Structure formats: C-alpha cells, structure tokens
Amino acid sequence: MKVAIVGAGKLGMKVAEALLGGDHAVTIIDTDENLLQRVSSHVDVLTVTANAKEIKALKSISISSYDFLITTTDNDETNLVIAAFAKKLGCKKVIARVRDPEHMQQIQFIKDLMGVDYIINPDLEITNEIYKYLVEKYTLSNGIYSTGKISLLEFYADKISKLVDLPIPQFSEVLPGMLCVAISRNGKVIIPHGEDVIQEDDCLYVVGEKEAIQELSKKVHERGVYTDLQKVMIMGGGKTGFYLAQKLSDFGASVKIVEYDKQRCYYLSTHLDDVMVLNGDATDLQLLEEENLDSMDAVVTATGFDEDNLLLALTAKRHGVEDVIAKVSRTSYAEIISAMGVDMALNPLDIVTSIILRLVQGNKKVLSSQLIQGQAEIMEVYATSHMNIIGVPLMNLDLPDSILIAAIHRGNQVIIPNGNTVIEENDRLLLLSLLSEITTTEKLLKDSSKFSFFR
C-alpha cells in the first residue's frame with residue numbers, strides 16, 4: 001500500500017516507522033530539507049522537499065496513485081487544505097490531524113465539505129481514555145471486550161484472593177482454561193511472563209471462552225457501581241485539559257484547571273461552563289495546597305512538559321490522591337512512571353499512531369482492536385498464508401516480550417495457546433501488543449510475499 005505523510009515531526013515519523021514495519025511504501029513530504037536528509041539516513045522512505053499545499057507538489061508524486069495521504073503538521077487548517085487537495089486529485093483516502101475545539105464542534109460539516117475521510121484529534125483520543133478510566137473505572141466497555149467466542153475481562157486481583165502472590169505459570173490452576181495476558185501495575189501495562197508474580201493492587205486482563213468469562217465477570221464486578229468521582233484537578237489548560245474538563249464537567253464532577261498562561265485562562269473561562277480556572281504555576285506546592293490538592297479524587301497532569309507532568313503526578317500521589325494520571329510523550333520515562341506509582345500514563349504519539357494504522361489497514365488484516373489503558377492494544381488478526389508466524393510452534397517464533405498471542409479462533413474451536421501451538425492459515429488470532437512497540441507488531445504481521453518500497 002502506498003502512503004504519503006505530510007510533516008516529518010514526531011507523529012509523522014512515528015507513523016512512518018510503524019507503516020514501514022508492515023512493509024508499506026511510504027513517502028514523507030516536508031518543507032525542511034535538512035530534516036528530510038536526517039530522516040532518509042535513518043529510515044527507508046522516499047522524501048520530497050516541497051510545500052504540500054501547492055498542487056504541483058502533490059501532482060509531482062502522482063498523488064492519485066496513493067492509497068492514503070496523512071497530514072500531521074502542527075497547523076489544523078494546513079492539514080485540512082492539503083487533505084482536501086489530495087482527495088480532489090485522486091488519492092483514495094485522506095486522514096487529517098485536527099486539534100482545535102472550534103473545528104471539532106463542526107467536524108462532520110468540515111469532513112463533508114472538504115472530502116476528508118478521517119479526522120484524528122490526539123487530545124480528544126487521550127481525553128476519551130482518561131474519561132473511561134476515571135468515570136467508568138474500566139478501560140474496556142463494562143470491563144469486557146468480546147470477539148466471536150472469546151472474551152477479555154478486566155478486574156483487580158484482590159477480587160479473587162487466591163490470585164494474589166500467585167506466579168503466572170500457576171494462573172490456570174485458579175482459573176482453568178483462562179490466560180492472564182496483561183497486568184496494569186503502578187500506571188504501567190506489562191505483558192506477564194513466567195517469572196512474574198501477581199500483586200494485590202494489580203489490574204488483570206484475562207482471556208477465555210465468552211461464557212466462562214461472563215460467569216467470572218459476575219463474581220468480580222459490582223453491577224451498576226462505577227465511580228464516586230466528585231473533585232478533579234487538571235494541571236495544564238491546553239487542548240487535552242480543555243476537552244477533559246468539558247467532559248468531566250458534563251458528567252457532574254467539580255473540576256479545577258491550573259494554567260500558567262493568563263490569556264489561555266481567559267479562553268478557558270469563557271469557553272467552559274461550571275469549571276474553575278486558576279491562573280498560576282502548577283509546580284507551586286503552596287498554591288496546590290491552598291486549592292485543596294489533598295481533597296481531590298483525581299489529578300490529571302497535562303502540561304506541555306513531560307518533566308513537569310511527572311513531578312506533579314508524584315506530588316499528587318504523595319498527597320494521597322487516589323487516581324493520578326500523567327500525559328507523557330517520552331517512552332523512555334516508562335520505568336520512572338512505574339516506580340512512582342502513577343495510576344495511568346498516556347503517550348499521545350502511541351495512541352494516535354495505533355489509530356492511524358488501523359485506519360490504513362482497514363479490516364483486511366486487523367479485524368477489530370481495543371486500547372488498554374492507552375498503553376497496549378488487543379487485536380483480532382486474520383492469519384494469511386504469507387505471514388511468517390504460520391506453521392511454526394509459538395515457542396519457536398521468538399516473540400518479543402511486548403507481544404502475546406492470547407487466543408485463537410479456528411472454525412468453531414477456541415484455543416488458548418501454549419508453546420506447542422501452531423498457527424494455521426485462516427486462524428483468527430487475539431493478539432496483545434504494547435503500543436510502544438507497535439513497529440515490532442507490524443513487522444510480525446506483515447505479508448512476507450510482498451516486496452519493499454523500492455521494488
């Protein structure tokens with residue numbers, strides 16, 4: 001599949017690297033020649049130094065021959081215009097990154113008017129993940145994700161006392177026919193292996209046949225009880241802070257936003273109803289204590305700086321806040337976050353890259369997918385004859401620790417795999433993968449019969 005990406009920034013490069021893992025042909029367009037030279041020295045893509053708003057630039061790469069164009073610049077209007085031009089010139093599908101709330105209020109009109117197929121809003125996607133966690137208390141719908149005869153259940157380990165302090169290899173002794181495929185621990189999602197031991201505060205993700213999972217759900221979930229969320233403090237009044245405050249206020253929570261920029265505070269106060277906007281430095285501990293940080297049910301750190309978000313999250317945890325969520329863009333901070341005990345950490349680049357990949361792939365290979373706490377993805381994947389994973393025992397696939405094949409649909413049969421299980425053509429796999437390793441996942445699933453971009 002041929003894909004053009006406009007903008008060689010962090011998102012553009014993350015998407016390009018993931019697409020290359022799946023053996024797609026990628027072209028990157030940017031006006032910065034020096035940046036593109038660095039890009040071409042690191043990844044196997046075609047680079048074009050041009051302004052994609054100029055029709056001649058799109059025609060020069062024969063945009064009509066492309067399956068997708070993805071616009072990832074920092075300007076919403078630029079992204080929409082380029083996407084509209086590409087669509088008009090014959091590109092099959094176009095995706096535009098759009099972030100401004102004003103645009104989102106009339107998004108369907110914009111899509112229809114400009115012919116844009118998909119609009120991706122990173123801040124809104126993160127907001128939805130945070131909202132699900134805080135308000136619904138489950139990142140899956142009602143705690144369960146189902147596909148065919150297989151279901152994935154989310155619950156806390158202390159709901160079944162026998163699971164606490166249990167080594168992962170003994171999991172099936174307590175829950176026969178089921179498999180623990182992921183653990184959320186101290187804000188970090190991990191894929192468990194033989195040496196891991198379940199801890200009391202772990203949130204477990206368990207796969208099994210649908211009927212058995214539904215019976216287990218009755219034991220571990222309190223029907224109709226979601227949250228007593230009343231007070232939330234959001235540190236950072238950017239777009240993520242705006243969208244989240246709006247949703248939580250509509251839910252009925254009392255929301256405070258702490259924002260340093262005075263002009264931004266004015267915007268927030270005039271566009272948000274029933275939200276308290278405080279003009280101040282969120283790293284000022286005296287200010288936070290005066291604003292009753294200790295009494296908050298939840299704190300979300302969403303400033304534009306990872307270091308500040310980590311510091312503020314740690315501060316909130318030390319003040320006894322039950323739910324603390326941090327927005328962090330650097331994957332390298334994952335271990336720090338886990339040690340801090342933050343309840344959930346979200347990387348906008350990982351989340352948006354995953355969403356874009358599923359749009360590009362359609363439902364030919366990945367039949368369905370679901371994010372887990374914004375850090376991992378559970379996918380139903382169709383196994384084709386040309387995949388490298390066909391016909392090889394799982395123990396010999398040398399799968400990375402970031403990927404786990406959780407279950408297999410084979411006709412009417414459901415298989416919870418072990419090391420001797422062999423994947424066959426036409427199997428439907430339930431596969432779990434960390435978003436931080438999405439490129440590795442795409443390489444695993446790519447069609448080995450296809451040639452590279454420069455064929």
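Student: What volume does the largest pocket have?

Tutor: Please bear in mind that this is a predicted model. The largest pocket in it has a volume of about 1100 Å³.

Student: Of the 50 residues that line the largest pocket, which are the closest to its centre?

Tutor: The lining divides into 18 nonpolar, 18 polar and 14 charged residues. Of the 50 lining residues, those closest to the centre of the pocket are Asp74, Arg99, Gly304, Lys327 and Ser329.

Student: Which element gives the most to the lining of the largest pocket?

Tutor: Several elements each supply at least two residues of this lining, including helix H1 (10-21), strand S2 (25-30), helix H10 (239-251) and helix H13 (306-318). The element that gives the most, with 4 residues, is H13.

Student: What radius of gyration does the protein have, and how does that value relate to a compact globule?

Tutor: The protein contains 16 helices and 22 strands, and its C-alpha atoms fill a box of roughly 65 × 60 × 35 Å along the principal axes. A compact globule of 455 residues would have a radius of gyration near 23 Å. The value for the protein agrees with this, because it is 23 Å.

Student: How far apart in space are Val277 and Cys265, C-alpha to C-alpha?

Tutor: Val277 is found in strand S14 (residues 275-279). Leaving aside neighbours within four places in sequence, Val277 is in contact with Ile257, Cys265, Leu268 and Ser269. Val277 and Cys265 are 12 residues apart in sequence, and their C-alpha separation is 6.4 Å.

Student: Is Asp165 buried or exposed?

Tutor: Asp165 lies in the loop between strand S8 (150-156) and helix H8 (171-174). Its phi is near 70°, a positive value in a residue other than glycine. Most residues other than glycine have a negative phi. Because its relative accessibility is 59%, Asp165 counts as exposed.

Student: What is phi of Asp398 near?

Tutor: Asp398 is found in the loop between strand S19 (376-382) and strand S20 (403-410). At 68% relative accessibility, Asp398 counts as exposed. Its phi is positive, although the residue is other than glycine, and is near 55°.

Methods:
Residues are numbered from 1 along each chain as its sequence is written. This is a predicted model: local features need pLDDT of at least 70, side-chain atom pairs count only at pLDDT 80 or more; totals for chains, interfaces and linings use all residues. Side-chain values use heavy atoms; hydrogens and water are left out. On a 1 Å grid over the protein atoms alone, a cavity is a set of points where a 1.4 Å probe fits but cannot get out, and a pocket is an open set with protein on both sides within 12 Å along at least five of seven lines; lining residues have an atom within 4 Å of a point. Grid points are joined across faces, edges and corners, and a volume is the space filled by probe spheres set on the points. Ala, Val, Leu, Ile, Met, Phe, Trp, Tyr, Cys and Pro count as nonpolar, Asp, Glu, Lys and Arg as charged, and the others, Gly among them, as polar. The radius of gyration is taken over C-alpha atoms; the globule rule is 2.2 Å times the number of residues to the power 0.38. Contact means heavy atoms within 4.5 Å. Buried means under 20% relative accessible area, exposed over 50%, partly exposed in between (1.4 Å probe, protein chains only).
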